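Open the model in your viewer and follow the stops in order. Each one says what to select and what to look for.

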Amino acid sequence: MPNSPRLRPRVILVAAALAGVAVVSGLASAQTTPYAIPGPVSAYPLPGTLSASPGTQISFRGSPPDRLGRITVRGSRSGTHTGSLRAHSDGQGASWVTKKAFRGGERVTVRTAFDVRGGTDGDFSFRIARLARGVTIPKPPVAILKLLQQTGKPGKRRHFRSRPDLAPPLVTVSPGSRPTAGSVFLSPKAKNDTKQAGPMIVDNAGRPIWFQPLPGVRAATDFRAQTFKGKPVLTYWQGTSSFGIGTGEMVMLDQSYRPIRRIRAPNGFRPDLHEFLITPRDTAVLITYPLLRADLRKFGGRRNGVLVDSVVQEIDLDTGLVIFEWHSVGNIALAEAIARLANPRAPWDYVHTNSVGLDTDGDFIMSARSTWGVYKIDRETGRITWRLGGKRSDFRLTPAMRFAWQHDARRRADGAITLFDNAAAPAVRKSSRALAFRLDERAKTATLLRAVQHPRSYLAATQGNQQTLPGGGMMVGFGSQRWFTEFDANGDVLWDARTATGYESYRAYRMPWVGRPRTRPRVAVVDGPGARIDVYASWNGATEVASWEVLAGEPETTLEPAGSAPRSGFETRIKAVTSSSHVAVRAKDASGRVLGTSPLARVRR
């Protein structure tokens, strides 16, 4: 049995493991000290995986690296592999990294000197995927495209004299809003690539706090504030996407907006746009969508069709090593898909994982849009513990409880499961909803705790999220409908806003943030009559500025105060009077402390 006690004694050579040798002797000598593995070790790719990457690592969790002994790896076509054993930063595992890639379609056999969950006497195997290269993703059916279209005039953008290079989309806040504390995090994507788009923080009046435009067709998603090594950071995905399938990288910024981490190709797969979650142990959870060759004739496809695998990965951010990997192929049957293969030439995204969160016990809660299901996945074995919704739900759902094409399934602190029920596309309801369920996992019963929809009954064909806020309220992003709304614990609207037409935001969050950019403030001057001038001051991302002061003088001389004004949004206009040829501005916090000073700007008369 995979998890049975050892049937034959094995001794581990610590010295060889510490040296990073991939194939290690299993015989003890007088100079070595034998160690016992404390229990079964989890291996990734999981034993029996059908679609591992040709560039995959082989990761082991549940043992200190110096207690991993003999590891041999052989491909059925590529032969015996050599590599190095690299320790995970928490000391609870290591990844075996091959020196040459595996071959598509081959079976990889791994032999070890310790118990492996799902293995036989420490040995296990998995298969390498036949990846589909150069595949073009066609447009969705016309009925779905109509739901995605936005009507109205082209959206407005903001413009600033001190930052003419920035043109973020206008965010309009509905009258009567009474929000709670925190800034709002958006990642506007432009449907027209001539418009600026990118991660953006706005205040409760919809005014930008920080904006980072991305060039051309590149977009950002899942932009939010998180914590890494006890410090606040910003995280987001950036790259290109085509109808829900993205290719790009994960980016982490510090409080000064400098990149400090990038995740580009863990195990040979490029990160998808749907999730970038930092866990309490400073690892990152993300999703990738590799395209595989598969026989899809039973489902209306081709013998050499293209299947989209949903892969969940957890990454050691200090080393870049993969410490967990799970594939939908082999774990979720193709027959579970509700999204049909409408075009035999198109990739079949039969699962479309769009969120992965941590459960209270360390396992994963995953949302699969194309199966209408939420899944709990055991971290150690990869086994699906239960399904909520879809064709094989373990919980009975009444018609009012059923959801479709959903996003963003999470375990709430009180134990409830929350999600955003898109109910489209195609549409199965008239409006999207934010749902909360209470699950009895032993009795397999579900109770609907809350179902909240926008007062205007918006139907979001794509994207969307539900964020639980302190006090029981929630921030709901309506995805392709471009609205984002804060509700109180009773489901009443507290704050309601929208981006300009032509933009949409994958998710929307309300979060605290303190930004301290290392750049300098910016200034622009507009001459007035006589000695009067209008000075425009801004500092992209600075959150502690309370007021601005104008300094006037000549180059290489002492500058003297010439006016001041309280901060009034991203850009503040200050009226000043001076006969000097140059001015600068300096930013002050609420106590009057100087935070930064701009370069000199010439006054042209």
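Does F60 count as buried or exposed? Select F60. It counts as buried, at 1% relative accessibility. The cut-off for buried is under 20% relative accessible area, so F60 qualifies. Keep in mind that this is a predicted model.

Show the secondary structure around F60. The residue sits in strand 2, which covers residues 58–61. F60 and A587 are 527 residues apart along the chain. Their C-alpha atoms are separated by 51 Å.

**The whole chain**

Zoom out. Colour by secondary structure. The chain has two helices and 45 strands. Its radius of gyration is 27 Å, close to the 25 Å that the globule rule gives for 605 residues, so the chain is as compact as a globular protein of that length. The spans are about 95 × 65 × 45 Å.

The accessible surface of the chain comes to about 25,500 Å². Carbon and sulfur atoms account for 50% of that area. Of the 605 residues, 56% count as buried.

Consider the contacts between residues at least 6 apart in sequence. Of these, 58% join residues at least 24 apart.

Now colour the charges. There are 86 positive and 48 negative side chains. The centres of the two sets lie 6 Å apart.

**Stop: R77**

Select R77. It lies in the loop between strand 3 (71–75) and strand 4 (79–81). Which residues does R77 touch, not counting those up to four places away in sequence? They are R103, G104 and E106. Look at G104 in particular. The side chain of R77 reaches the backbone oxygen of G104 at 2.8 Å.

R77 and N267 are 190 residues apart along the chain. The separation of their C-alpha atoms is 20 Å.

**Stop: N267**

Centre on N267. This residue is in the loop between strand 17 (259–263) and strand 18 (271–278).

**Stop: D222**

Go to D222 for another backbone angle. Phi here is positive, about 50°, although D222 is not a glycine. Where does D222 lie? Its place is in strand 14, residues 219–228. Its relative accessible area is 0%, so D222 is buried.

**Stop: D203**

Move to D203. This residue is in the loop between strand 12 (200–202) and strand 13 (208–211). With a relative accessible area of 12%, D203 is buried. Show its side chain together with the backbone of R207. A polar atom of the D203 side chain lies 2.8 Å from the backbone nitrogen of R207.

Then display the contacts. Leaving out residues up to four places away in sequence, D203 touches I209 and W495.

**Stop: D363**

Select D363. Its loop runs between strand 24 (353–358) and strand 25 (364–368). D363 is buried, with a relative accessible area of 10%.

Which residues are in contact with D363, leaving aside its neighbours within four places in sequence? They are G357, L358, K376, I377, D378 and R379. Pick out two of them.

- D378: 15 residues from D363 in sequence, and 5.2 Å away in space, C-alpha to C-alpha.
- R379: the side chain of D363 reaches its backbone nitrogen at 3.0 Å.

**Last stop: A424 to P426**

Show the backbone from A424 to P426. What is the peptide bond from A424 to A425, cis or trans? It is cis, with omega near 10°. Step along to P426. A cis peptide bond joins A425 and P426, with omega about 5°.

Which loop holds A425? A425 is found between strand 29 (417–421) and strand 30 (433–440). P426 is also in the loop between strand 29 and strand 30.

**Selections to keep**

- F60, in strand 2 and buried at 1% relative accessibility.
- R77 with G104, where the side chain of R77 reaches a backbone oxygen at 2.8 Å.
- D203 with R207, for the 2.8 Å approach to a backbone nitrogen.
- D363 with R379, where the side chain of D363 reaches a backbone nitrogen at 3.0 Å.

How values were computed
Residues are numbered from 1 along each chain as its sequence is written. This is a predicted model: local features need pLDDT of at least 70, side-chain atom pairs count only at pLDDT 80 or more; totals for chains, interfaces and linings use all residues. Side-chain values use heavy atoms; hydrogens and water are left out. Helices (H or I, at least four residues) and strands (E, at least two) are DSSP runs, numbered from the N terminus. Buried means under 20% relative accessible area, exposed over 50%, partly exposed in between (1.4 Å probe, protein chains only). Contact means heavy atoms within 4.5 Å. A polar contact is a pair of N or O atoms within 3.5 Å; within protein, one must be able to donate a hydrogen and the other to accept it, and residues adjacent in sequence count only if both atoms are side-chain atoms. The radius of gyration is taken over C-alpha atoms; the globule rule is 2.2 Å times the number of residues to the power 0.38. Accessible areas come from the Shrake-Rupley method with a 1.4 Å probe; for residues, only the protein chains shown count as cover. Lys and Arg count as positive and Asp and Glu as negative; His and the chain ends are not counted. The place of a charge is taken as NZ of Lys, CZ of Arg, CG of Asp or CD of Glu.
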